[in-house]
Amino acid sequence: MKKIATLLLAGLVQLSFSSAALAETDLAKIQSAGVLKIGTEGTYPPFTYHDASGALTGFDVEIGREVAKRLNVKAEFVEGKWDGLIAGLDAKRYEAVINQVSITPERQQKYDFSVPYIASKGVLIVRSDNTSIKSFEDLKGKKSAHTLTSNYAQLARSYGAEIVGTDGFNQSVDLVASGRADATINDNLSYLDFKKHKPDAKVKIAATRADAEQEGILIRKGNPELKAAIDKALAEIKSDGTYQRISQHYFAADVSK
């Protein structure tokens, strides 16, 4: 009996060690590796894009680097198209997605978000000489350019638009400017940045949504330690003036409010 009890105890000890190994949190893995892997597009200025030298930069990229810094690790960005970014999180190619991901009830069912780090309002963008689209309701039966799985594509569908698939914001706006699409919906901050760099682009804002979308850092569910660490890092970034510096650089305004 004593021998059986000893074997059972040994088995329980081994099982507890195995369970502990399996239960290692994403935060522990990140700190052990010294790297926070972040999924992002790299084609969505001013949030995530490549500058003239080819280096990855942008508002979201800088926020990601600052979060990693406060976790005492390095940020490593893994670029991909928007439509595959969340799938990459599921496949564990990275631990977080920082790419203006809107916090929605549908996403919250499957994923966790940090506290919101920015908010934006959706705007309806049309060609400068377009007089037939003056409101979101006017999208019915029109072609609207979007990445297929984006929130704005869903919004356009809800108004009866036919979706023209694109790789990102720039391509969507180009299709509108060239007349190959009637409209696109995107956030006001991206549009303002676009017009700042291309003031002569033949596009305009036809309508603006009254409600603002909250964006957060997307992580896999069941990682409360990682979420708490990211939330703490974002709070520090805002309290020490880092957020405001980054915000002024990209938007000439404090977009934390």
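Aspartate 90 has a relative accessibility of 36%, so it counts as partly exposed. Please bear in mind throughout that this is a predicted model. The side chain of aspartate 90 meets that of lysine 110 in a salt bridge, with an N to O distance of 3.6 Å. Aspartate 90 belongs to helix α4, residues 82–90, and lysine 110 to helix α5, residues 105–110; the pair therefore ties together parts that lie 20 residues apart in sequence.

I turn next to arginine 209 and aspartate 211. Their side chains form a salt bridge at 3.2 Å, again taken from N to O. Arginine 209, at 24% relative accessibility, counts as partly exposed. Aspartate 211 also counts as partly exposed, at 41%.

Where do aspartate 231 and lysine 227 lie? Both are in helix α9, residues 224–239, at a separation of 4 residues, or about one turn of the helix. Is aspartate 231 buried or exposed? Its relative accessible area is 16%, and the cut-off for buried is under 20%, so aspartate 231 is buried. Lysine 227, by contrast, is partly exposed, with a relative accessible area of 27%.

There is also a network to report: salt bridges with shared partners join Glu66, Arg70, Lys232, Glu236, Asp240 and Arg245.

Finally, the overall count. How many salt bridges does the model contain by this rule? The count comes to 12 salt bridges, where the rule requires a side-chain nitrogen of Lys or Arg within 4 Å of a carboxyl oxygen of Asp or Glu.

Notes: Residues numbered from 1 in each chain as written. Predicted model: local features only at pLDDT ≥ 70, side-chain atom pairs only at ≥ 80, totals over all residues. Heavy atoms only, no water. Helix = DSSP H or I, 4+ residues; strand = E, 2+ residues; numbered from the N terminus. Buried < 20%, exposed > 50% of the residue type's maximum accessible area, 1.4 Å probe, protein only.
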